[in-house]
Amino acid sequence: MDILSSTLAAGGNAAAGSESPIPVWFMITSGIVVVAILVFDLLLVVKRPHTPSMKEAGIWVAFYVTLALIFAGALFAIGDAQHGSEFLTGWLLEYSLSIDNLFVFIIIMGSFSVPRKYQQEVLMVGIIIAIIFRGIFILAGSAIITAFVEVFFIFGIFLLIVAYRQAFSDDDDGDGENAFIRFLRKRINVVDEYHGNSLRVTIEGKKFWTPMFIVFIAIGSTDVMFALDSIPAIFGVTQNTFLVFTANVFALMGLRQLYFLLGGLVDKLVYLHYGIAAILAFIGVKLFIHALHESDWEFLSWGSAVPEVPTWLSLGFIVFAMAVATIASLLKMKKDGVSLRELGSQESDDSQA
């Protein structure tokens, strides 16, 4: 209980300045509500496996976006403008970066030929795994920042490298299998065909893992790798542990429905990775500036003269970068003769297959 209390207190008081702390009752209540929604969503997927229509996916995406906006509004109401704006910026940042996950999800689902009616379950389990590991990374990151604030320099360099790779690397994930999955395949017995949503089956008295188990591991481990990019990025927006975690959770909760809503559109947004790269580079520079202000190293004392990047500017840049990348991609689609209606009808045909 002492550990939990200190963590909640840190989350409520982590932000500097004259900000009022986020009430503990609000953190606990919002946590209970979010967990209840996740459990309900998971039970719905497990008990009724199906391929959601565009309309159903759209309604769920709208629901989760509205939920995040309500949460931001509550922060504005009970706390101050700083908490609300930091959450909103962090959520939009994580939501933007999570779209990058969809590219890999599509590769994994295709390479493992996951039956469409079970794709919801795979995504849901992967998202829960991601939330758990991101929570661990966030607590570890918060502890490191408290002990060694100069780690922001490392975070900044890392994000600039990731931004460069995002913009200019031609690397492709190929068959969607990472090194860990290839390691598993060599050491466990895996059957070639799916057996519903079962993870293990017995054939002629011998136990085998199914491809569904491998897919779960692939999705979960991929989410963990993406967390290595997104967690340093959001610490560039806020160091409030509670806000960092809730921004991640709200961004991930609607990711499954976004996968089905965008579907074939995602890989047609050819300039989207440039927008994501621009955001990562911007946050990387912001982390450098923040580190200059917070560092106790005397030879960096001149850094305090460099103005910090305000939250509103970060929010505006994220929206601008994603809007420009999306509009440019849609214009290229139009130029290439690809219409959204054609993609929508193609997705509908795929869902019925």
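Trp 91 is buried, and so is Tyr 95. Buried here means under 20% relative accessible area, exposed over 50%, and partly exposed in between, with a 1.4 Å probe and protein chains only. Both residues lie in helix α4, 4 residues apart, about one turn of the helix. An α-helix has 3.6 residues a turn, so residues three or four places apart point the same way.

The model is predicted: local features need pLDDT of at least 70, side-chain atom pairs count only at pLDDT 80 or more, and totals for chains, interfaces and linings use all residues. Residues are numbered from 1 along each chain as its sequence is written, and side-chain values use heavy atoms, with hydrogens and water left out.

**Overall make-up**

The chain has 13 helices and 2 strands. These are DSSP runs numbered from the N terminus: helices are H or I with at least four residues, strands are E with at least two. Of the 353 residues of the chain, 48% count as buried. Contact means heavy atoms within 4.5 Å. Among contacts between residues at least 6 apart in sequence, 78% join residues at least 24 apart.

**Aromatic pairs**

The structure holds 17 aromatic pairs. Rings of Phe, Tyr and Trp (its six-membered ring) pair if their centres lie within 6.5 Å; planes under 30 degrees apart count as stacked, over 60 as edge-to-face and the rest as tilted. Two of these pairs are tabulated.

| Pair | Centre distance | Plane angle | Class |
|---|---|---|---|
| Trp 25 and Phe 26 | 6.0 Å | 90° | edge-to-face |
| Trp 91 and Tyr 95 | 5.6 Å | 45° | tilted |

Trp 25 counts as exposed, at 53% relative accessibility. Phe 26 is buried, with a relative accessible area of 8%. Trp 25 and Phe 26 form one aromatic cluster with Phe 71, Phe 87, Phe 242 and Phe 250.

**Nonpolar core**

A nonpolar core is a set of buried Ala, Val, Leu, Ile, Met, Phe, Trp, Tyr and Cys residues joined through side-chain atoms within 4.5 Å. The largest one has 93 residues. Phe 87, Trp 91, Leu 93, Phe 112, Phe 250 and Ile 283 touch the most other members. Beyond four places in sequence, Leu 93 touches Ala 233, Ile 234, Val 237, Ile 279, Ile 283 and Ile 318.

Leu 255 lies in helix α10 (residues 255–262). Its relative accessible area is 1%, so Leu 255 is buried. With neighbours up to four places away set aside, Leu 255 is in contact with Ser 98, Asn 101, Leu 102, Phe 105 and Ile 127. Leu 255 and Leu 102 are 153 residues apart along the chain, yet their C-alpha atoms are separated by 8.1 Å.

Helix α6 covers residues 151–168. The expected span of a helix is 1.5 Å times one less than its number of residues. For the 18 residues of α6 that gives 26 Å, and the end C-alpha atoms are 26 Å apart, which agrees. Buried residues of α6 include Phe 152, Phe 153, Phe 155, Leu 159 and Gln 166. Their cover includes α4 (81–111), α5 (116–147), α8 (211–234) and α11 (272–294).

His 290 sits in helix α11. At 13% relative accessibility, His 290 counts as buried. Not counting residues up to four places away in sequence, His 290 touches Phe 152, Gln 239 and Glu 308. The side chains of His 290 and Gln 239 are joined by a polar contact of 3.4 Å. A polar contact is a pair of N or O atoms within 3.5 Å; within protein, one must be able to donate a hydrogen and the other to accept it, and residues adjacent in sequence count only if both atoms are side-chain atoms.

**Hairpin and loop**

Strands β1 (residues 200–203) and β2 (residues 206–209) run antiparallel, joined by 4 bridges. Two strands pair if DSSP finds at least two bridges between them. Arg 200 stands opposite Trp 209 in β2. The two strands form a hairpin with 2 residues between them, and Glu 204 in the turn has a positive phi of about 50°.

Ser 113 is found in the loop between α4 and α5. Its phi is near 50°, a positive value in a residue other than glycine. At 52% relative accessibility, Ser 113 counts as exposed.
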